[in-house]
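Dear colleague,

Please find the structure for your review below.

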Amino acid sequence: MLSNILKRISGKIALSFSYQAEDIVALDLTLKANASDIEIFTLDTFKHFKECLEYHKTIESFYRVEIKKYEPNESRVSELESRLGEFGIRESLENRRECCRVRKVEPLERALRGKAAWITGLRAAQSPTRSALQTIEFDERRDLLKINPLALWSETDVFEYIKRNKLPINPLYNRGFKSVGCAPCTRAVKDGEGARAGRWWWENPEHKECGLHIRETA
Ligand code: SF4
């Protein structure tokens, strides 16, 4: 399916890689689909776990690819840090969303500028905010095709694919993490907790998005 879609796209295709188990599957499927003109990118928020930075290098050498880093504007980060301090992001939803806007959303807009399509590792079952996710969507605001090859996959499907294909996984998954994000906003989860329970754990489930995947119709 992915191969059929990708060969019909003219223009550059972006694949976002944020060190999640789903991302390695989406990357593997995309490379196996023989897509050309793909840019693999990550958003370097300056807040990643050291395990993620090491995993970045592991994946680059495993596939012999470059994962391009898009960084936030340094002066905006400095201003944010001096105003909010280390834990101001937990004091209000607006503060947290502002941090995500500066460190993630604005760099993402740069990463997607001029791209014809965007491949993600999103799954509908990950959270209430993603329940209506489709395999193929059109992102009208960014004027590009958004391809979510794992939209209908379960968590079990993801880990079975990883095991079957012997793919390297972020070491945080072996320490109880079920979803990976910035260090101040992500923690390991207990047995029985949902995959995104460790993300922004102080917020309600319906707020748990960083603004990268806000659906126009949601
Ligand atoms: S996840 Fe946390 S540290 Fe990362 S950009 Fe959002 S608020 Fe900032």
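**Findings**

Just after helix H4 (residues 74–84), Gly-85 takes a positive phi of about 70 degrees. The model is a predicted one, in which local features need pLDDT of at least 70, side-chain atom pairs count only at pLDDT 80 or more, and totals for chains, interfaces and linings use all residues. Residues are numbered from 1 along each chain as its sequence is written. Helices (H or I, at least four residues) and strands (E, at least two) are DSSP runs, numbered from the N terminus.

Of the 11 residues of H4, the number buried is one, so this helix lies largely in the open. A residue is called buried if 20 or more other C-beta atoms lie within 10 Å of its own, exposed if 12 or fewer, and partly exposed in between, with C-beta atoms placed from the backbone.

Helix H5 (residues 93–112) has a kink of about 45 degrees centred on Arg-101; the bend at a residue is the angle between axes fitted to the seven residues ending there and the seven starting there. Its buried residues are Arg-96, Cys-99, Cys-100, Arg-103, Lys-104, Pro-107, Leu-108 and Leu-112. Among the elements that cover them are strand E1 (13–16), strand E2 (38–43), H4 and E6. Gly-114, which follows H5, has a positive phi near 80 degrees.

Three of these names return at the ligand: Cys-99, Cys-100 and Arg-103, together with Cys-182 and Cys-185, come nearest among the 13 residues around the ligand. A residue is near a molecule or strand if its C-beta atom, placed from the backbone, lies within 6 Å of it. The shell divides into seven nonpolar, two polar and four charged residues. Here Ala, Val, Leu, Ile, Met, Phe, Trp, Tyr, Cys and Pro count as nonpolar, Asp, Glu, Lys and Arg as charged, and the others, Gly among them, as polar.

The six strands form an open sheet with mixed pairing, in the order E3-E2-E1-E4-E6-E5; two strands pair if DSSP finds at least two bridges between them. E3 and E5 stand at the edges with a single partner strand each, so one side of each has no neighbour in the sheet. On average, neighbouring strands of this sheet are turned by 30 degrees against each other, direction ignored.

Strands E5 (residues 136–139) and E6 (residues 144–147) run antiparallel and are joined by four bridges, with Phe-138 opposite Leu-145. Four residues lie between the two strands of this hairpin. Asp-143, in that loop, has a positive phi of about 55 degrees although it is not a glycine. Asp-143 is exposed, with 10 other C-beta atoms within 10 Å. Tyr-19, likewise not a glycine, has a positive phi of about 70 degrees. Tyr-19 lies in the loop between E1 and H2 and is buried, with 23 other C-beta atoms within 10 Å.

Helix H2 (residues 21–32) lies across E1, E2 and E4, running at about 150 degrees to E1. Axes are lines fitted to C-alpha atoms, for helices over the stretch in contact, and angles run from 0 to 180 degrees between N-to-C directions. Thr-30 is found in H2 and is buried, with 20 other C-beta atoms within 10 Å. Leaving aside neighbours within four places in sequence, Thr-30 is in contact (C-beta atoms, placed from the backbone, within 7 Å) with Leu-2, Leu-15, Ala-35, Ile-38 and Ile-119.

Yours sincerely

Terms used: Contact = placed C-beta atoms within 7 Å.
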